[in-house]
Amino acid sequence: MYETLKVLHIISFVSWFAGLFYLPRLFVYHIENNTNKEMNEVFQRMEYKLLRIIMNPAMILTWVFGLGLIHYVGFAWWLILKLILVAILTWFHMYLAKIRKNLEHNYRDYSSRYLRIINEVPTILLVLIVILVVVKPF
C-alpha cells in the first residue's frame, strides 16, 4: 500500500505543479492581449478549465496521498517544515484562483511583470520541498 500511495502522490503533485507553472503564464498572455475580446474569452476558458479540472483535483489528491504517506512513514521533524511549505503552496494556489476570478471580471490591475515574478513562486517552493524530502534534515 505504501508504494501505491507514493506513486499516486507523485503523479498528483506533478500534475498540480504543472498547473502552478502554467496558470500564471496564461495570466501573462491574458493581460498582454486584454484588448482582444476573442482572445480574452479563450484565455478565460483555458484558465477556468486548468484550475477546475486539473489543478484543484490534483491539489486535493496531493494532500490526501501525502497525508496517507505520513500515516505509513510516521512523524518526522522535517515533515512539519514540508507541510508548512505545502500549506504556502496551497495558499498560492488560492491566490491564483483569485487572480483568475478578477481577470474574469475584467479587473486588470496586474502587470505582466508582476505575473512573471509570481510565476517563480512554485519553482522556489518545489526546490525547497524536494530538498527536504531527499535530505530529510533534523
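Helix H2 (residues 37-73) is built from 37 residues, and its first and last C-alpha atoms lie 51 Å apart, close to the 54 Å expected at 1.5 Å a residue; the expected span is 1.5 Å times one less than the number of residues. Helices here are DSSP runs of H or I with at least four residues, strands are E runs of at least two, and both are numbered from the N terminus. The model is a predicted one, in which local features need pLDDT of at least 70 and side-chain atom pairs count only at pLDDT 80 or more, while totals for chains, interfaces and linings use all residues. Residues are numbered from 1 along each chain as its sequence is written, and side-chain values use heavy atoms, with hydrogens and water left out.

H2 has a bend of about 35° at methionine 55, and proline 57 follows within four residues; the bend is the angle between axes fitted to the seven residues ending at a residue and the seven starting there. After H2 comes glycine 74, with a positive phi near 90°.

Just after H3, asparagine 106 has a positive phi of about 65°.

How do H1 and H3 meet, and at roughly what angle do they cross? The axes of H1 (residues 2-32) and H3 (residues 77-104) come within 11 Å and cross at roughly 35°; axes are lines fitted to C-alpha atoms over the stretch in contact, with angles from 0 to 180 degrees between N-to-C directions.

Overall, the chain has five helices and zero strands.
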